[in-house]
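Below are my notes on the two-chain model you sent. They are set out as numbered points, beginning with a term that the later points rely on.

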There are 2 protein chains.
Amino acid sequence: MFDQRRPFTFKLDEDGVVKPYAKKFEWRLSDLKPFFYDKKLVERMLSRGSDPLIYETYWPSWETVEGVIGTGTEIIHPGKIGDEYYHSRGHFHEKAINSEFYVGVKGHGRMLLQSPEGEVVVISMEPNEIAYVPPGWGHRAVNVGRERMCCQFVWLLDSGHNYQVIEEGGFLKLLLERDGKPTLVDNPLHGK
Amino acid sequence: MFDQRRPFTFKLDEDGVVKPYAKKFEWRLSDLKPFFYDKKLVERMLSRGSDPLIYETYWPSWETVEGVIGTGTEIIHPGKIGDEYYHSRGHFHEKAINSEFYVGVKGHGRMLLQSPEGEVVVISMEPNEIAYVPPGWGHRAVNVGRERMCCQFVWLLDSGHNYQVIEEGGFLKLLLERDGKPTLVDNPLHGK
């Protein structure tokens, strides 16, 4: 087993999955109800028994200490809930001075980011690109393509994940499909 | 120019060079005299006018703050000084709780590491491998192949670099060629 107090070589498979990993999580629509805006569609799908796998994460087993940089892998499947592309939950860091970055490995990714002041920005996360998340910015990975979007995340183990802001109405803007293209649109759940 | 307070996408070229980069450093043998053990050979080479390029580093322009993870690229050329493979200087972190890791991109890399207690370990850093450097361990990248060894380093901006330990006699063991193979050997400069 991996002991983070000693030198160690991980391997990256063709999807960018860091091996050995200790934990794999699967996120289905039923786990992500607060994170898609079209609540009626979500309920309709689930009541019909449609509960698609939206994304997966792979984690080596890290012990949370200050000063250690961890890495793991996220794979977002292709698809949309209505016009909203499949995406991860997204989070802010509890330790707001901590940055993060994501390395694109496969597919067509975008990173949706929101500043503490409410500015929303989308940046590219294609293969061989690094999407840099500055301290304090909430961030969510989005798959805007028709194949799996694989990326490797690089974060500080003591960052902490704050999902509350995202659950309470979500990002101020969303990445939706408009005329076949990913487009930043005001989140209809805000201002209601 | 890159502003680390805002979201940003870097591109990785085929050598793993992070673009845009702000600074490139070239390290020749004349810059690295304290870091190779065969001092007589080094002086003989330099007096003959032979001053080979050993390695290069590429750095986006980062402002040193706590909590931000930086990345840059190291390319070590193939070659040896006598039986000692070309390598980077190697360093310990001034902030000893900070880890680091290196992602192998091209060629055949090894990471030579030394613990605060003087244990020396070599780990693999081939393409699609991540060499993890635990907190407190000094580390040096070594090219044991016949082509360039390219890797991407991922570190905390506030780590600080301590080269003093390495300059004062160097690592306790070195990675030398023996019977055509990289072999960990006691550093002849110690115990003299």
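1. Two strands pair if DSSP finds at least two bridges between them. Helices (H or I, at least four residues) and strands (E, at least two) are DSSP runs, numbered from the N terminus. In E14(B), Gly104(B) has Cys151(B) as its bridge partner.

2. On provenance: this is a predicted model, in which local features need pLDDT of at least 70, side-chain atom pairs count only at pLDDT 80 or more, and totals for chains, interfaces and linings use all residues. Residues are numbered from 1 along each chain as its sequence is written, while chains are lettered from A and ligands numbered from 1 in the order in which they are written.

3. Strand E14 of chain B covers residues 149–156. E14(B) runs antiparallel to strand E5 (residues 69–76) of chain B, with 8 bridges joining the two; here Ile69(B) stands opposite Leu156(B). E14(B) is also joined to strand E9 (residues 100–106) of chain B, again antiparallel, by 6 bridges.

4. Of the 8 residues in E14(B), 8 are buried, where buried means that 20 or more other C-beta atoms, placed from the backbone, lie within 10 Å of the residue's own. Met149(B), Cys151(B), Phe153(B) and Trp155(B) point one way from the strand, and Cys150(B), Gln152(B), Val154(B) and Leu156(B) point the other way.

5. The largest nonpolar core has 89 residues, and Tyr102(A), Cys151(A), Tyr102(B) and Cys151(B) touch the most other members. Such a core is a set of buried Ala, Val, Leu, Ile, Met, Phe, Trp, Tyr and Cys residues joined through C-beta atoms within 7 Å. Leaving aside neighbours within four places in sequence, the contacts of Tyr102(B) include Met111(B), Met125(B), Ala131(B) and Cys151(B); a contact requires C-beta atoms, placed from the backbone, within 7 Å.

6. How are the two chains related? Chain A can be laid on chain B with an RMSD of 0.0 Å by a turn of 180 degrees and a shift of 0.0 Å along the axis. The copies are thus related as by a two-fold rotation axis. The superposition is by least squares on the C-alpha atoms of residues with pLDDT of at least 70 in both.

7. Chain A and chain B each bring 37 residues to the contact between them. Strands of chain A that each supply at least two residues include E1 (8–12), E5 (69–76) and E14 (149–156). Because 100% of the interface residues of chain A are also interface residues in chain B, the copies meet through the same surface.

8. Glu129(A) has Lys11(B) as its bridge partner in E1(B).

Terms used. Two residues are in contact if their C-beta atoms, placed from the backbone, lie within 7 Å. A residue is buried if 20 or more other C-beta atoms lie within 10 Å of its own, exposed if 12 or fewer, and partly exposed in between; C-beta atoms are placed from the backbone.
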